[in-house]
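Take a look at the structure below.

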Amino acid sequence: GKVRAPTHIISTISDDRGDEPCYAGVPMSTIIERGFSVGDVISLLWFKRSLPRYCTQFIEICVMLCADHGPCVSGAHNTIVTARAGKDLVSSLVSGLLTIGPRFGGAIDDAARYFKDAYDRGLTPYEFVEGMKKKGIRVPGIGHRIKSRDNRDNRVKLLQQYAHTHFPSVKYMEYAVEVENYTLSKANNLVLNVDGAIGSLFLDLLSGSGMFTKQEIDEIVEIGYLNGLFVLARSIGLIGHTFDQKRLKQPLYRHPWEDVLYTK
Ligand code: ACO
Ligand code: LMR
């Protein structure tokens with residue numbers, strides 16, 4: 001047989017050796033000729049397979065819904081301050097991206113992990129939430145700074161409506177809503193947030209589409225693919241905020257003294 005020198009890198013998602021790049025074995029010409037969408041490309045490069053249209057459309061809805069949430073949120077604020085410090089596009093973008101984490105936008109993977117574990121173990125919302133409290137962990141996917149019972153996040157509603165119409169099952173999302181009903185009995189702002197909605201609904205997508213084995217779902221959840229959706233989506237808005245500040249020729253930002261409590 002052939003003897004092959006050991007390689008330093010293994011790659012399984014794309015191949016650029018031919019006339020055109022292939023994403024998970026699909027040549028670029030096919031992607032263009034068949035009118036593949038951004039959701040299709042994400043499916044190929046992240047999940048290494050073509051997914052049904054209702055799944056790729058769901059992915060695109062997540063990207064559109066999370067693309068921006070105004071200038072006041074952590075990410076946009078950092079990007080705006082960085083752009084106003086005269087930094088370039090990439091610096092302004094990554095400065096905003098670096099705020100994405102357990103409190104802001106990056107709670108999707110943990111929401112999926114905890115909701116999946118609690119649902120699969122048959123925990124009641126009471127057992128789940130109180131168990132988390134005992135461990136001193138805030139429930140990922142629950143809570144919002146400005147959204148509340150009387151000022152719901154319409155993005156969550158839009159995701160739920162889409163899934164109700166197109167998904168074969170929404171059992172994880174329904175569980176997340178039961179958890180929300182319980183947390184809302186404790187405080188008004190403990191709503192299911194957009195991270196929790198995406199985390200629970202992606203579990204429904206993975207388990208209901210018939211496109212993934214149980215082992216593959218466990219691996220996706222364990223590795224944590226889903227924060228990638230927020231990172232990808234919010235990059236669109238952060239790039240926009242950078243251009244906006246440059247277009248407006250905004251000067252160096254300095255935070256006002258009056259807004260700082262100087263104390264010992
Ligand atoms: N689970 C349980 N209790 C909570 C939660 C939660 N997720 N969030 C708030 N509380 C309770 C706690 O008792 C908290 O008291 P503590 O500070 O002693 O723990 C109390 O509410 C105070 O809440 P707030 O002051 O209203 O919280 P804040 O506005 O600072 O937090 C936040 C908002 C960061 C989103 C919070 O709810 C949280 O950490 N949620 C989990 C992470 C998450 O899902 N983040 C994504 C948000 S959506 C997005 O960024 C796109
Ligand atoms: C967002 O999408 O950035 C948010 O939900 C966070 C926020 O505080 O509005």
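**Helices and rings**

H7 and H9 pack at an angle of about 65°, and their axes lie 9 Å apart. That makes H7 roughly perpendicular to H9. (Angles under 35 degrees count as roughly parallel, over 145 as roughly antiparallel, 65 to 115 as roughly perpendicular and the rest as oblique.) Axes are lines fitted to C-alpha atoms, for helices over the stretch in contact, and angles run from 0 to 180 degrees between N-to-C directions. Helices (H or I, at least four residues) and strands (E, at least two) are DSSP runs, numbered from the N terminus.

This is a predicted model: local features need pLDDT of at least 70, side-chain atom pairs count only at pLDDT 80 or more, and totals for chains, interfaces and linings use all residues. Residues are numbered from 1 along each chain as its sequence is written, chains are lettered from A and ligands numbered from 1 in the order in which they are written, and side-chain values use heavy atoms, leaving out hydrogens and water.

The crossing of H7 and H9 is right-handed. (A crossing is left-handed if the near helix is turned anticlockwise from the far one by less than a right angle, and right-handed if clockwise.) Which residues meet here? On the H7 side they are Pro125, Tyr126, Phe128, Val129 and Glu130; on the H9 side, Tyr175, Glu178, Val179, Tyr182 and Thr183. By class, this contact of H7 with H9 has seven nonpolar, one polar and two charged residues. (Ala, Val, Leu, Ile, Met, Phe, Trp, Tyr, Cys and Pro count as nonpolar, Asp, Glu, Lys and Arg as charged, and the others, Gly among them, as polar.)

Stay with H7, residues 125-135. Its residues Pro125, Phe128, Val129, Glu130 and Met132 are buried. (Buried means under 20% relative accessible area, exposed over 50%, partly exposed in between, with a 1.4 Å probe and protein chains only.) Their cover includes helix H6 (108-120) and H9. Just after H7, glycine 136 takes a positive phi of about 75°.

Now compare another pair. H3 and helix H10 (residues 194-208) pack at about 165°, with axes 11 Å apart. H3 is therefore roughly antiparallel to H10. Their crossing is left-handed. Tyr54, Cys55, Phe58, Ile59 and Cys62 in H3 meet Ile198, Leu201, Phe202, Leu205 and Gly208 in H10. By class, the contact of H3 with H10 has nine nonpolar, one polar and no charged residues.

Next come the rings. Rings of Phe, Tyr and Trp (its six-membered ring) pair if their centres lie within 6.5 Å; planes under 30 degrees apart count as stacked, over 60 as edge-to-face and the rest as tilted. By this rule the count comes to 14 aromatic pairs. In one of them, phenylalanine 58 and phenylalanine 167 have ring centres 5.1 Å apart and planes at 70°, so the pair is edge-to-face. The pair links distant parts of the chain, 109 residues apart: phenylalanine 58 in helix H3 (residues 53-65), phenylalanine 167 in the loop between helix H8 (154-166) and helix H9 (171-184). Both phenylalanine 58 and phenylalanine 167 are buried. Ring pairs also link Phe47, Tyr54, Phe58, Tyr162, Phe167, Phe202, Phe212 and Tyr225 into a cluster.

Finally, the chain overall. Its secondary structure comes to 12 helices and three strands. Buried residues make up 43% of the 264 residues.

Note on methods
Left-handed = near helix turned anticlockwise from the far one by under 90°. Contact = heavy atoms within 4.5 Å.
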